[in-house]
Amino acid sequence: MENSNQFYNLNESEMLALWKQLMHLDTPRRDCAVEWDDGVDIDALLTTHIKQWYAQLLNTAPCHLLPVQDVKSDVLLQACIDGTVEATPPQYCVRPVEWRLNGWERSVTTFLEPSSREAMVQLNKWTRGGACNPAVIDYGSRLLLVSAAVTPPQLITARCVVRPASGTYQFHASLLNTIPTIESITKR
C-alpha cells in the first residue's frame with residue numbers, strides 16, 4: 001500500500017482490506033479455521049460497492065483529491081470551419097479539469113453544459129468570447145473548444161481527472177470519510 005503525501009494508490013485487495021478495516025469487518029488472526037457457506041459473500045458485496053463509490057468520486061469529488069493527468073498527447077483534435085475545435089479525449093478520461101489551446105490568453109477551468117445559455121452564446125461567432133475569453137462546451141465524450149485563434153490548433157494543456165488502470169484506486173486520504181458504513185450498505 002502506497003501513501004505519499006496522504007494520497008493513496010491501492011490495488012483491489014488492498015482497497016478491500018481497507019474497507020473491511022474501516023467497517024470493523026477484519027477478523028483478528030486466530031489459530032483455527034471456521035468455515036460457513038450459507039452467508040453473504042462479503043468480499044463480493046464490498047467489491048461492488050467499492051467500484052460504485054470510486055466511480056462516484058471520480059465524477060464528483062474535488063479534482064485536487066483525485067488522479068489528474070495532462071492527456072494532450074492522446075487527444076484527437078479536429079478544426080471546424082466556424083473557428084471551433086472538436087476534441088475527443090481518450091477513454092480513460094472521466095472529466096476535464098483545465099484545457100488551453102495555442103493562441104488562448106488563458107486556460108478554461110469551467111466547462112459549459114451544452115444546453116446552458118452561456119454555451120448557446122459561444123455558438124455564435126459574433127457573441128463568443130474569443131481568445132481572451134475562450135470557452136469549452138462539454139458534450140461528455142467530446143469537447144467543443146470555442147474561439148480557436150491559431151490554425152492548426154494545438155493543445156497547450158488538457159488536464160483531466162483520469163480513471164487509473166483497472167484494479168487500481170488513487171485518491172486523497174481525506175476521501176476516506178466518504179466510505180459508507182456497513183449498516184448503510186446492508187440496508188439497501
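**Close-up views of a predicted model**

**View 1. Y139 sits in a nonpolar surface patch.** At 33% relative accessibility, Y139 counts as partly exposed (buried is under 20% relative accessible area, exposed over 50%, partly exposed in between; 1.4 Å probe, protein chains only). This is a predicted model, where local features need pLDDT of at least 70, side-chain atom pairs count only at pLDDT 80 or more, and totals for chains, interfaces and linings use all residues. Residues are numbered from 1 along each chain as its sequence is written, and side-chain values use heavy atoms, without hydrogens and water. Y139 belongs to the loop between β7 (135-138) and β8 (143-146). Patch residues have over 30% relative accessible area and no salt bridge, with nonpolar side chains joined within 5 Å. A salt bridge puts a side-chain nitrogen of Lys or Arg within 4 Å of a carboxyl oxygen of Asp or Glu.

**View 2. H24 has a positive phi.** The angle is near 60°, in a residue other than glycine. H24 lies in the loop between α1 (12-22) and α2. At 70% relative accessibility, H24 counts as exposed.

**View 3. The largest pocket has 14 lining residues.** A pocket is an open set of points on a 1 Å grid where a 1.4 Å probe fits, with protein on both sides within 12 Å along at least five of seven lines; lining residues have an atom within 4 Å of a point. K51, Y54, L58, R163 and Y169 lie nearest the centre. The largest share of the lining, five residues, comes from α2. The lining divides into seven nonpolar, four polar and three charged residues.

Key:
Helix = DSSP H or I, 4+ residues; strand = E, 2+ residues; numbered from the N terminus. Nonpolar A, V, L, I, M, F, W, Y, C, P; charged D, E, K, R; others polar. Patch = residues over 30% accessible without salt bridge, like charges linked within 9 Å, V, L, I, M, F, W, Y side chains within 5 Å. Areas by Shrake-Rupley, 256 points an atom, 1.4 Å probe, with all protein chains shown as cover.
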